[in-house]
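Here is a short briefing on one protein model. Look over the sequence and the coordinates, then read on.

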Amino acid sequence: MYIFQPDPSILSTTSDTKAAFLQTPWAALLDRSNTVCRVSASRQPKRSTEDSLFAETLATPRTVQSCLSFYTKPADTDHSIDEVSTLFIVGDGMNGHTGILHGGIVASVIDEAMGIMMWLNLEREREMLEARASKGLADGENPNRVGSFTATLDTKFLKPILTPGSFLVTARYLKKEGRKTWVGAEIKQHQKQGETVCATGEALFIEPRASKL
């Protein structure tokens, strides 16, 4: 059986740290009170090849150089993190037109930012379940949920995203119904005319039934 082995030369080219963004127009966002900064698990290479798109293929000096997510620390009683922002620094290796990020990559980073928010909430749910279980309060709850899959993604392209450069993707919950979750997102970039909304997206995520896994 083939087992993927990460290439160390690729892994060493990324800088997914707060420091990478302190020289960008977004620096002040990371210094706000109660802000939690996280590197997504999807940027960590895995032998299973899960997340290899953003952990390997798009982790080079000319693709996604740096990626960092942040959100306002929720209260202990909050069941979810309703909004998560993800910062990207990109090179010019994903262009469609000269100096412009490819539209397919725009849709991909929107989907990735939405997925990061879903992952952070799944992680939070597991932590809260463990806390309840330690107190004997969890009864019949499933600690092994695998998360949701993107079912539909509607992307609207409003302005070109210029490269190389940095941009911000903010994802937020819109609605939940059973195994279905609707998520919205927008991409902003600082351009000559100021902070500009370059694209928006809305997606439906569906959690598979246990019998389908």
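With which side chain does the side chain of Ser69 make a polar contact? The partner is the side chain of Thr86, at 2.8 Å. A polar contact is a pair of N or O atoms within 3.5 Å; within protein, one must be able to donate a hydrogen and the other to accept it, and residues adjacent in sequence count only if both atoms are side-chain atoms.

This is a predicted model, in which local features need pLDDT of at least 70 and side-chain atom pairs count only at pLDDT 80 or more, while totals for chains, interfaces and linings use all residues. Residues are numbered from 1 along each chain as its sequence is written, and side-chain values use heavy atoms, with hydrogens and water left out.

**Confidence**

- The average pLDDT (the predictor's confidence in each residue, from 0 to 100) is 88 for the protein. A score of at least 70 is reached by 85% of the residues.
- Residues 1-7 stay under 50 in pLDDT. The model has 10 contacts beyond four places in sequence for this stretch.
- Where pLDDT is low, the predicted coordinates should not be read in detail.

**Overall build**

- The protein has four helices and nine strands. Helices (H or I, at least four residues) and strands (E, at least two) are DSSP runs, numbered from the N terminus.
- From the N terminus, the order is α-α-β-α-β-β-β-β-α-β-β-β-β.
- The protein has 213 residues, and 39% of them count as buried. Buried means under 20% relative accessible area, exposed over 50%, and partly exposed in between (1.4 Å probe, protein chains only).
- Among contacts (heavy atoms within 4.5 Å) with a separation of 6 or more, 70% join residues 24 or more positions apart.

**Largest pocket**

- Its volume is about 1,100 Å³.
- A pocket is found on a 1 Å grid over the protein atoms alone, as an open set of points where a 1.4 Å probe fits, with protein on both sides within 12 Å along at least five of seven lines; lining residues have an atom within 4 Å of a point. Grid points are joined across faces, edges and corners, and a volume is the space filled by probe spheres set on the points.
- The largest pocket is lined by 38 residues, with Gly115, Met118, Trp119, Gly147 and Ser148 closest to its centre.
- Two or more lining residues come from each of α3 (52-57), α4 (103-134), β6 (149-157), β7 (165-177) and β8 (180-191). The largest share, 13 residues, is from α4.
- By class, the lining has 12 nonpolar, 13 polar and 13 charged residues. Ala, Val, Leu, Ile, Met, Phe, Trp, Tyr, Cys and Pro count as nonpolar, Asp, Glu, Lys and Arg as charged, and the others, Gly among them, as polar.

**Second largest pocket**

- This pocket has a volume of about 250 Å³.
- Its lining holds 19 residues, and Arg32, Phe70, Glu83, Ser85 and Thr170 lie nearest the centre.
- The elements giving two or more residues are β2 (64-72), β3 (83-90), β7 and β8.
- The lining splits into eight nonpolar, four polar and seven charged residues.

**Buried sites**

- Ser69 sits in strand β2. Ser69 counts as buried because its relative accessibility is 1%. Beyond four places in sequence, Ser69 touches Val36, Cys37, Arg38, Val84, Ser85, Thr86 and Ile116.
- Phe88 belongs to strand β3. Its relative accessible area is 0%, so Phe88 is buried. Phe88 and Phe167 lie 79 residues apart in sequence, yet 5.5 Å apart from C-alpha to C-alpha.
- Thr63 is in the loop between α3 and β2. Thr63 counts as buried, at 9% relative accessibility. A polar atom of its side chain lies 3.4 Å from the backbone nitrogen of Ala59.

**Backbone geometry to check**

- Most residues other than glycine have a negative phi, and most peptide bonds are trans.
- Asn34, in the loop between α2 (27-30) and β1 (35-38), has a positive phi of about 60 degrees. Asn34 is exposed, at 54% relative accessible area.
- Asp51 has a phi near 65 degrees and lies in the loop between β1 and α3. Asp51 is partly exposed, at 27%.
- The peptide bond from Thr163 to Pro164 is cis, with omega near -5 degrees. Pro164 is in the loop between β6 and β7.
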